[in-house]
Amino acid sequence: MSIPMNYDENFPKITSHAKEYGFVFPSSEIYDGLGAVYDYGQMGVELKNNIKTAWWKAMVQMHENIVGLDAAILMHPTTWKASGHVDAFNDPLIDNKDSKKRYRADVLIEEHIAKYEAKAVKDADKKARKEGWATGDEAYQGFLVNSRNGRKAAELQARYEAVLNGENMLQGLYDFIVEEGIADPESGSKNWSEVKQFNLMFKTQLGATAGSALDLYLRPETAQGIFVNYLNVQKTGRQKLPFGIAQIGKAFRNEIVARQFIFRMREFEQMEMQYFIKPGTQMEWFEYWKAARSKWHQALGLKPEYLQFHTHEKLAHYADAAEDIQFRFPFGFKELEGIHSRTDFDLGNHEEYSGKKLRYFDPETQESYVPYVLETSVGLDRTFLAHLSNAYTEEEVPNAKGGTDTRVVMKFHPLLAPIKAAIFPIVKKDGLPEVARKLFDELKYDFPVDYEEKDTIGRRYRRHDAIGTPYCIAVDHDTLQDQAVTIRDRDTMEQVRLPLTEVSTYIKRKLDWREVLG
Ligand code: ATP
């Protein structure tokens, strides 16, 4: 299977669908919104909670040796000195002097290289059509790599990597932009400022009086809350290595360019797990967690052809190995989750800055050492966007007049769907609403269900397709006699007739966590 032809055109449709059906709204929209800050609406909050539950179950509930934590957003400011964020959590920023627009210098360059790559693919596709090659062919690949644009992209990529690893990175990025003639994507101007480092942390203050106030940061990642609690959890939970601490929570980054909807936000949520291990075992755990996390994404329905691993070219200041799980968003393959081997960097630095020992006494070797850490860090909002993109489907379906209609259906995994079942009396009279309400009252203890009696049944089906409700239950006149209802499957649109007393068990059987967690 490959990426559908018109997949990339879906992005504007997905963002407007998300708003129209109550998944995501711009923050404080009545005041024209706030850049890269979003609110989750009535459907969004359900989907988000379901993703959190799926992650928590997979990480905490399924592992005897992984426990949860809920650390505060505000932390002692020395935390961020020790973690390296005060000195190194920067992005290279460049201003266009004419348009006054601000950009990330590295992103401008990456987009420039991507243009050559895209051109090379286009040329290769054209040639392949003429020659009858398939995309995976040796001839196709050879043409791709050796074409003029293919060679240019490779040359630029090598130069870019040299700049990133070079001594004077900022000057190198500036020279790259100027020499390549990269223009402001909006205005076309090439009148650039020098490249500067920009720290992404939001500052705030603790305490009311100016003189005594303590400068704080809103946490840019949840991980540090786990590191500073390592010993608390290890001691009170009597944990032996290896063990993990998992946390879901808000993080804040003052991103320079915040685009692409909820992909890059200034306030977002992370689901992170730090796995404390014996030094020297990190590569083994690295492979283990890469496989486990990739499996989780697929078990929740993300299509395998939309997922790939990506090795980091430049390692972060704390890592000795790092790979991303990338998802094929409608704007390209991008990072969804990071798997990082963080060595003893964090605990070691917290030891140094706090003067407190953060060690583990190994009863087997009788040694005391700072554990190594293997981290899995996934964006909740990005996972949400991945599921919106993965689920959004437009389909031609037969209508009542013998023609066809286009339906938009969100094919979420049933466990992620905001509403599990919708109950419709086919008419608003003859005692049908009463029966339908009774069923609603029964099911509501087990799942989020919806009751709808307005509009034609066709319209009600469409509305629930659009929010991804897996089961719609129709109560009709026969129900009064046979005490049975019709259940329609969202994806196949097939209908089955079931006794009222069996509806709950039927749906429960379809919502099986074993499928996802096994
Ligand atoms: P990127 O390179 O895209 O900025 P990152 O490498 O800085 O991401 P990490 O610091 O590894 O990201 O954070 C872990 C995860 O948190 C990411 O994989 C992503 O899913 C999520 N994340 C990071 N920054 C944002 C953001 N601004 N908005 C939404 N999610 C984010």
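Helix α5 (residues 105-131) packs against helix α6 (residues 138-146) at an angle of about 140°, and their axes are 9 Å apart. The angle makes α5 oblique to α6, a class for angles that are not under 35 degrees (roughly parallel), over 145 (roughly antiparallel) or 65 to 115 (roughly perpendicular). This is a predicted model, in which local features need pLDDT of at least 70, side-chain atom pairs count only at pLDDT 80 or more, and totals for chains, interfaces and linings use all residues. Residues are numbered from 1 along each chain as its sequence is written, and side-chain values use heavy atoms, with hydrogens and water left out.

- A polar backbone atom of Met265 is 2.8 Å from a nitrogen atom of the ligand.
- Gln270 places a polar side-chain atom 3.3 Å from an oxygen atom of the ligand.
- A polar backbone atom of Gly379 lies 3.0 Å from an oxygen atom of the ligand.

**Cover and surrounding elements**

- On its own the ligand has 590 Å² of accessible area (Shrake-Rupley method, 1.4 Å probe), and the protein covers 85% of that area.
- β10 (267-277), β13 (332-343) and β16 (372-379) are the elements that give two or more residues to the shell around the ligand; strands are DSSP runs of E with at least two residues, and helices are runs of H or I with at least four.
- β13 gives the most to this shell, with five residues.

Key:
Polar contact = N/O pair within 3.5 Å; in protein donor to acceptor, adjacent residues only side chain to side chain. Axes fitted to C-alpha atoms, helices over the stretch in contact; angles between N-to-C directions.
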